[in-house]
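Thanks for asking me to look this one over. Here are my notes, written to be read with the model open beside you.

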Amino acid sequence: MNRVSSLVLVCSLALAGAAQSQTCEAPAGTPPGNRTDIPWENHFIPLTRLGNHWMPNFGNGDSLTNPFWLDQGTAFPFGSEGFRETYYIARDATTPNTAPFYRVYSPTQVDHMDAPEPNPAPSLGYALEFTHGYAFSTNLPGTAPITRYINQSIFDHRTWMNSSTPAGYSPGASWKSWRGYPRYGNLLDQCSVINDGNALGNVTQNSTFRVRHNPIWGNAIGEITHLPTGKQLVSHSIGDMVNAAIFYGVPGGGKLLNPTLSGGTDCWDYGNTRRWAGSPVISTSSGGTTQKWFETTTRPLNFCHNDFQRNDPWSPLAWRGLFRVKTTIGCKLGTTHREDVIQKRFEAQKDSSAPFTENPLNLGNGGWFLLSPFGDCEDENIKVEVIDMDSGTIDSTHFPGCDEEVALPGANGKGFRVTSADGSFALGLGNLPQVATTKLKFRCGFDCAPFRQKLVWEVFRFHNVNSISWAGGDVYFTAGSPSTVLTRLTQIGDDNGSCLN
């Protein structure tokens, strides 16, 4: 998990210091912080981000693939409207089972093209420009063949997703032995990344909740709407949302290794959105009628990836393991089905070939919730109660203000009820045994309106993930009237959690 949070936005505060700006249009180029002195190659694979520029003012129009390190990810050449990501490939030739992937150019054809050969069509004037990186040469789970399309009317080659043909193009080449983790055609520029994709992806819904998973950010939960009241509870920026993460070492212990479900960013210049990178989605599945569920497996990216930037601060590190997250809405408690309960199960496992050397690894669930449905932490009018989920009694009551927290060390069988200032609405957060620490934090001062104030839910679990077996745990969410929330938390505690049974 992160240094002080299971969800990673707070690292920009903890690492950058109080003077660090968090505006979405903060300038690029802030140097990294101190690097953690560990053998990171035992835990991570360096990736290169590939994306496409469409240049309408170049010749008859030309599609140009750039690795994100070229021109520091900021140049939009020849009138291009922006950079749309396509694939992640390995950055280094030392990554096993990879092969070089090139960009070539023909001045006679006025055409850029990608190819697995450095000189694919000399008769047409194509010659090597540079090596993008190293595509995966084996069928790793979640990778797809890198695919090139052609528009014959203007003789333009475009490398794009293998699952969709660009308008006006037809399939040209698809290389089964040159593969990458596919991305989405999203524009990573300024504050657009905060909103882009929030309405995309899987929607799981019943009579009480609508849950949206954001495919750009590894299918982390970008929306939980309580349908009876219309209250949307989740902050959906990368690193916020209802997320999952691993923190290396004990919380606050100083190590910056932090692979997350959603992806990576630059913790020393959080506003530099061009460094934001979403974790590759390996697989998804869904099902259920009464209890509806959605499950995602991801290759998580390290959040402060430029901690190990070497020569490329624009490319993320992929953790040598997988996250598996299952969200179930509707829960059978005792003999009765309850629509107003969400269970989130988070598990992680390492790759069989990864020689992990750093432990413990602290697995965590959490979420960044908007405070607007509850009140204003600056006025300290939000009531937080610690609930004993076995007995339903209220252990303590708190009225936290900005930048305060309510912590529950050794919080087995404990939960929180967060009640709005007018007493009409509450959010319930609970967990079951094998928890080291649970916290609620109240953050203020974020500059990207309208998400200034946020409530951070953290659940820390200590596990040794130095195994190819899945390890993890569950957290629970409920919402509604304060009395109903208290009842549900007690029922979850009594039933010991049966949503997935």
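1. A word on the source before anything else. This is a predicted model, so please read every distance and angle below as a value computed from predicted coordinates.

2. Let us start with the charge pairs. Side chains of opposite charge can pair when their charged atoms come close. The structure holds 17 salt bridges, and I have picked out a few to look at.

3. Asp351 and Arg299 form one of these salt bridges, with 2.7 Å between the closest N and O atoms. Asp351 sits in the loop between strand 23 (336-350) and strand 24, while Arg299 sits in the loop between strand 19 (292-298) and strand 20 (301-302), so the pair ties together parts that are 52 residues apart in sequence. Are these two residues buried or exposed? Asp351 is buried, at a relative accessible area of 17%, and Arg299 is buried too, at 8%.

4. Next, have a look at Glu347 and Arg324, a salt bridge whose closest N and O atoms are 3.0 Å apart. Because Glu347 belongs to strand 23 and Arg324 to strand 22 (residues 321-333), this pair ties together parts that are 23 residues apart in sequence. Glu347 counts as buried at 17% relative accessibility, whereas Arg324, at 22%, counts as partly exposed. The cut-off for buried is under 20% relative accessible area, so the two partners fall on either side of it.

5. Lys414 and Asp395 make another salt bridge, and their closest N and O atoms are 2.6 Å apart. Here too the pair links distant parts of the chain, with Lys414 in strand 28 (residues 414-419) and Asp395 in strand 26 (residues 394-398), 19 residues apart. Lys414 is partly exposed at 21% relative accessibility, and Asp395 is partly exposed at 40%.

6. Now for the surface. Glu378, Asp379, Glu380 and Glu404 gather there in a patch of negative charge. Of these, Glu380 lies in the loop between strand 24 (361-370) and strand 25 (383-388), and Glu380 counts as partly exposed at 40% relative accessibility.

7. Ser106, in strand 4 (residues 98-106), is buried with a relative accessible area of 0%. What does the side chain of Ser106 reach? It reaches the backbone oxygen of Leu124, at 2.6 Å. Thr204, in strand 10 (residues 203-205), is buried at 6% relative accessibility, and its side chain is joined to that of Asn202 by a polar contact of 2.7 Å.

8. Last, the backbone. Val110 has a positive phi of about 50° although it is not a glycine. Val110 lies in the loop between strand 4 and strand 5 (111-115) and is partly exposed, with a relative accessible area of 29%. Asn219 likewise has a positive phi, near 65°, in a residue other than glycine. Asn219 is found in the loop between strand 11 (209-214) and strand 12 (220-226), and counts as buried at 7% relative accessibility.

How values were computed: Residues are numbered from 1 along each chain as its sequence is written. This is a predicted model: local features need pLDDT of at least 70, side-chain atom pairs count only at pLDDT 80 or more; totals for chains, interfaces and linings use all residues. Side-chain values use heavy atoms; hydrogens and water are left out. Patches are made of residues with over 30% relative accessible area and no salt bridge: like charges are joined within 9 Å, nonpolar side chains (Val, Leu, Ile, Met, Phe, Trp, Tyr) within 5 Å. Accessible areas come from the Shrake-Rupley method with a 1.4 Å probe; for residues, only the protein chains shown count as cover. A salt bridge is a side-chain nitrogen of Lys or Arg within 4 Å of a carboxyl oxygen of Asp or Glu. Lys and Arg count as positive and Asp and Glu as negative; His and the chain ends are not counted. The place of a charge is taken as NZ of Lys, CZ of Arg, CG of Asp or CD of Glu. Helices (H or I, at least four residues) and strands (E, at least two) are DSSP runs, numbered from the N terminus. Buried means under 20% relative accessible area, exposed over 50%, partly exposed in between (1.4 Å probe, protein chains only). A polar contact is a pair of N or O atoms within 3.5 Å; within protein, one must be able to donate a hydrogen and the other to accept it, and residues adjacent in sequence count only if both atoms are side-chain atoms.
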